[in-house]
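Hello,

Here is the structure I promised to pass on to you. Have a look at it first, and then read on for what turned up in it.

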Amino acid sequence: MSSDQNKQPLITKTLIKCMSCDYTLERDFQEGDFVPKIVGTCPKDGGKLYIAGIYAVKIAEPKR
Ligand SMILES: [Zn+2]
């Protein structure tokens, strides 16, 4: 009987996309992130980068 089995480690990721091309970037969620916040400019074509999604993913836990 262990109670730490239902502690699923989750990390929150932020998906960033470019408005004018297909550039996408995934990074760790940061305080203040929201959809569709503008977060910078695209390194490929200088278009605006916006947050397209925020989601939690499970961390693959190595078994001991
Ligand atoms: Zn772009």
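**How the strands pair**

Let's begin with β1 and strand β4 (residues 48–58): 9 bridges join the two, and they run antiparallel. One of the residue pairs to look for is Lys13, whose bridge partner in β4 is Tyr55. Please keep in mind as you look that this is a predicted model.

On to the other partner of the strand we started with. Strand β1 (residues 10–18) is also joined to β2, here by 5 bridges, and these two run antiparallel as well. You can find Leu25 in β2 as the bridge partner of Ile16.

**The chain as a whole**

You will find 4 strands and 0 helices in the chain. Read from the N terminus, its elements run β-β-β-β. Why is the chain described as more spread out than a compact globule? Its radius of gyration is 16 Å, while the globule rule gives 11 Å for 64 residues; the value is well over the rule, and therefore the chain counts as more spread out.

Two other figures describe the overall form. Along the principal axes, the C-alpha atoms of the chain fill a box of roughly 55 × 20 × 15 Å. Of the 64 residues, 6% count as buried.

Finally, a word on contacts. Among those in the chain with a separation of 6 or more, 46% are accounted for by residues 24 or more positions apart.

Enjoy exploring the model!

Best wishes

Key. Residues numbered from 1 in each chain as written. Predicted model: local features only at pLDDT ≥ 70, side-chain atom pairs only at ≥ 80, totals over all residues. Pairing = 2+ DSSP bridges. Rg over C-alpha atoms; globule rule 2.2 N^0.38 Å. Buried ≥ 20, exposed ≤ 12 C-beta atoms within 10 Å, placed from the backbone. Contact = placed C-beta atoms within 7 Å.
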